[in-house]
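Trainee: I would like to learn how to read a few features from a set of coordinates. Could we go through them one at a time?

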Amino acid sequence: MLKRLAAPLLLLASLLIVPTPAQAATGRALTAAELAQVRPLTFTSTLAARDTVAATLPVTKVSMSTVIGGGYTTRAICHPTNLRLSATVTGFCWNTTDDTTANWFPQGITGSGDGVNGSVLYPPCEGCAGRKIVAVSWRSGASHEYGANRLARVTFVDVTAGTAGAPYRHALLVEPDGSAEGFREIASHADGISWYGNKLFLVTGGDPDVSGGDRLVRVFDLTHFWRMSSTTSGNVGCAGGVCSAAFSGFALPQIGYYRLSPSAVCASLDLTRPCLNGVSLDRSGTDHLTTVEYRKGGSGGKILRWPLDAATALLRTGSDGLVRPTEGWFSPVWDVQGGVFTGGRGVLVGLCPEGSPSVTYMPGGTASVYGEFRKSCLHRVTLSADRATLDVHYLTTAPGNAQNVSYWPASGEMWLVNEFRGDYDGVYDSDRLVLAVTCPNLDC
């Protein structure tokens, strides 16, 4: 009888062996044939609609200097960073409301160190000359009256005088639409942002249930904000001579967007329809945006490089008016959330390998997944000389639900943001942080 059960038991045991993230792994480049299958991006301008709103409706155009001139105030680092690095780490906590709210969740990070070029830390764009500014994107949560992923905002933090006690304000992202109300909310997960010249790029994984879910890259002009005439209304748009942006004092209007050509909502791991779940700026060599694709519970998300045009501060188009990725790799990091590259080095944010050190925000000790909890880690990346492979190694644990990273060449800082607000049972407190790691050339 025992002999009869042996084979089925061995089969059951093999089915229970689940692959786990590794301490080291290798990712390969997309072949030329695979890269050619990725659908290009095409640009649609909404600039005329924005200017019509500014000319005909009661919004007041203001510069970034007005937006960052007051508002809320950051606090010193108030949670464990869970970083195990010898590098210098600075940063901040949000105020107590933004630290714990379930209405909003931080996602992407960029700032003035991305803005103009690798030698300039404080870009001389309108309203931010001589300022050091961090920008973070947020998505609305399920508890928000609009619902999950139905609003997106960007927070601008003036850290010129230091990260603690720094002033910051939120600006709702809106889309001018030619309607009587002038503009509407942008439904987006607000996955990642990148500041290039006077432009801000917002990337999203796409949402088939949302109007405009095929608009994978949205573009905003950082010299043109709107001050709202009401901060007491949850509406978005203008009516009865009053303009509002879901209780926000400011709105940042879209000037255009990119979508796949032919138009389609993205599909994770579909070679032809990439999702853009994270973004960063790479100024080594020719300027590029680097996007990463999230895949829950596994590896294989695409990392793509998209060329930029410094003259227009937009993506560089070919002779046919389309934008095509110039390089790409398959990520070996599980649940990859964000990534940044400079030269032959990079850092990817994703699930920790099994056996990584314990962290303060998750039960399960050295496990990478414990129920609904997932441990976040940074992974060091080295490109091979021929750029055909990514050599990836565990670097350090990170704050809970770490999202995106941004590298500023002029200061050698790698900025990191996470979204964790504590578990809903109240066992674990909030762990939301914005951190700057001294990491020249991403060698830390």
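Mentor: Begin with Arg273, which is partly exposed at a relative accessible area of 26%. Buried means under 20% relative accessible area, exposed over 50%, and partly exposed in between, with a 1.4 Å probe and protein chains only. This is a predicted model, in which local features need pLDDT of at least 70 and side-chain atom pairs count only at pLDDT 80 or more, while totals for chains, interfaces and linings use all residues. Residues are numbered from 1 along each chain as its sequence is written, and side-chain values use heavy atoms, with hydrogens and water left out.

Trainee: With which residue does the side chain of Arg273 meet in a salt bridge?

Mentor: Side chains of opposite charge can pair when their charged atoms come close. The criterion is a side-chain nitrogen of Lys or Arg within 4 Å of a carboxyl oxygen of Asp or Glu. Arg273 meets Asp270 in this way, at 3.2 Å from N to O. Asp270 is also partly exposed, at 23% relative accessibility.

Trainee: How many salt bridges does the structure hold?

Mentor: The count is 22. One of them joins Glu293 to Lys302, with 3.0 Å between the closest N and O atoms, and both of these residues are buried. Another links Arg305 with Glu327, 3.0 Å from N to O. Arg305 belongs to strand 20 (residues 302-309) and Glu327 to strand 22 (residues 327-330), so this pair ties together parts that lie 22 residues apart in sequence. Strands (E, at least two residues) and helices (H or I, at least four) are DSSP runs, numbered from the N terminus. Arg305 is buried at a relative accessible area of 7%, and Glu327 is buried at 19%. Salt bridges with shared partners also join Glu175, Asp177, Arg184, Arg215 and Arg218 into one network.

Trainee: Strand 20 has come up. Which strand pairs with strand 20 over 5 bridges?

Mentor: Two strands pair if DSSP finds at least two bridges between them. Strand 20 pairs with strand 19, in the antiparallel sense, and Ile303 in strand 20 is the bridge partner of Val292. Strand 18 (residues 278-282) also pairs with strand 19 in the antiparallel sense, over 5 bridges. There, Gly278 stands opposite Val292. Strands 18 and 19 form a hairpin with 5 residues between them, and Gly285 in the turn has a positive phi of about 75 degrees.

Trainee: Are the residues of strand 19 buried or exposed?

Mentor: In a regular strand the side chains alternate between the two faces of the sheet. Both faces of strand 19 are covered, with His288, Thr290 and Val292 buried on one side and Leu289 and Thr291 buried on the other. Since 5 of the 5 residues of strand 19 (residues 288-292) are buried, the strand is largely enclosed by the rest of the structure.

Trainee: In what order do the 5 strands of the open sheet stand?

Mentor: The order is 1-28-27-24-23, with antiparallel pairing. Strand 1 (24-28) and strand 23 (338-342) are at the edges with a single partner strand each, so one side of each has no neighbour in the sheet. From one strand to the next the twist averages 25 degrees; axes are lines fitted to C-alpha atoms (for helices over the stretch in contact), and angles between N-to-C directions run from 0 to 180 degrees. Within this sheet, strand 24 (residues 345-351) and strand 27 (residues 376-383) pair over 7 bridges. Arg345 has Thr382 of strand 27 as its bridge partner.

Trainee: How much space lies in the largest pocket?

Mentor: Rolling a probe the size of a water molecule over the atoms shows where empty space is left. A pocket is an open set of points on a 1 Å grid over the protein atoms alone where a 1.4 Å probe fits, with protein on both sides within 12 Å along at least five of seven lines; lining residues have an atom within 4 Å of a point. The largest pocket holds about 820 Å³, a volume being the space filled by probe spheres set on the points, which are joined across faces, edges and corners. Of its 29 lining residues, Gln337, Glu372, Arg374, Asn401 and Glu419 are the closest to the centre. The elements giving two or more residues to this lining are strand 6 (104-111), strand 24, strand 26 (373-374) and strand 29 (402-408).

Trainee: What is the volume of the second largest pocket?

Mentor: About 440 Å³. Its lining has 21 residues, of which Tyr72, Trp104, Arg153, His170 and Phe247 are the closest to the centre. Strand 9 gives the most to this lining, with 4 residues.
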